[in-house]
Amino acid sequence: MEINAETKIVGLIGHPVLHSFSPFIHNLAFEILGLNYKYLTFDVLPENLKDALKGIISLGIKGVNVTIPHKETVIENLDFVSPEARIIGAVNTIVNDNGNLNGYNTDVFGFTESLKKYKDLLSNTPAFIFGAGGSARAVIYSLITNFQPERIVIANRNLTRAESLVRYFSQVLGYKDFEVKEFFPPEIAGDIKSSRLIVNTTPIGMYPNSNELPFQSDETFHEGQIVYDLVYNPPMTKFLKLAQSKGAKVISGVEMLILQASKSFELWTGKQMPVEEVKKFLLKKLKLRKKRNDT
Ligand code: NDP
């Protein structure tokens, strides 16, 4: 759609913002639905965050996604923060509601929605999470509030970080069935094997390190498990290929990426993103990119 005086602007603030797939996802959805919106990226240094937020209001920008390093620090500068974003401690979507800046975390929706069809299968079963960073917080919140896990085992390189995460969620959500393990494969094989859901929330396996795996053993994955990799580039990671070859159901980070974007899209436009169509084009784009990088 042609840009004109009525074009509404949304976008992304972060530093860096160069490698984001969000402009592609949102602009494609605007085109498909014929909405007069454009999604732009704004590289905002930490010291300019407050001015950038004022700019959103003064320029009439409809809303923005927020990425590193602003997801946490932005919270104190907003007029409203949704309860889940507050608990997770990260905002990834801001809506400019007539000069009020409202913050949300749509990663929780993305993760929850992508697992919805497995809800009965997952209820009251053990879950295993690799990593204890920002995305792990959204995953843990989603699991506790939607899937009633029997226990959650978290394996992280930095044990102190995982322990403080567990303490925090025990306090705020009253969930006590956590176990923390070191990111040390032989020790965790049994925990993985006995878990129904296994989620990788680390960047291990992400392009260009697509040959890496968070876990190496062939013996741990089996039928009846659901293995989720938050990494979306490549869409089918080596980790997911291994789990699938052992009979597990696998879910790519592309699912969460599109669904969290669809929630932001809805918050800004009031319209539903054509998720399946956008996913088809995104997967094509990722494939083309891989081909280009391989040659
Ligand atoms: P963070 O930096 O907040 O956390 C990264 C976590 O991974 C930490 O627990 C860190 O451990 C661990 N980690 C990093 N490198 C290694 C390594 N080499 N070996 C072992 N552990 C490691 O990142 P995020 O949680 O924000 O993002 C993680 C991944 O999830 C990224 O690939 C991101 O693209 C993806 N993601 C995907 C989304 C989607 O929609 N599909 C949404 C959000 C994120 P330690 O604490 O020891 O440093």
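Domain bounds here come from an automatic or database domain assignment. The model is predicted: local features need pLDDT of at least 70 and side-chain atom pairs count only at pLDDT 80 or more, whereas totals for chains, interfaces and linings use all residues. Residues are numbered from 1 along each chain as its sequence is written, and side-chain values use heavy atoms, with hydrogens and water left out.

A pocket is an open set of points on a 1 Å grid over the protein atoms alone, where a 1.4 Å probe fits, with protein on both sides within 12 Å along at least five of seven lines; lining residues have an atom within 4 Å of a point.

| Largest | T67, I68, K71, M206 and Y232 |

The largest pocket is lined by 46 residues. Strand 3 (63–66), helix 6 (134–146), helix 10 (253–269) and helix 11 (275–294) each give two or more of them; helices (H or I, at least four residues) and strands (E, at least two) are DSSP runs numbered from the N terminus. Helix 10 provides the largest share, 4 residues. Because domain 1 (8–104 + 255–294) and domain 2 (109–251) both contribute to this lining, the largest pocket lies between them.

Helix 9 (238–245) and helix 11 each supply at least two, and the largest share, 7 residues, belongs to helix 11. Domain 1 and domain 2 both give residues to this lining as well, so the second largest pocket also lies between them.
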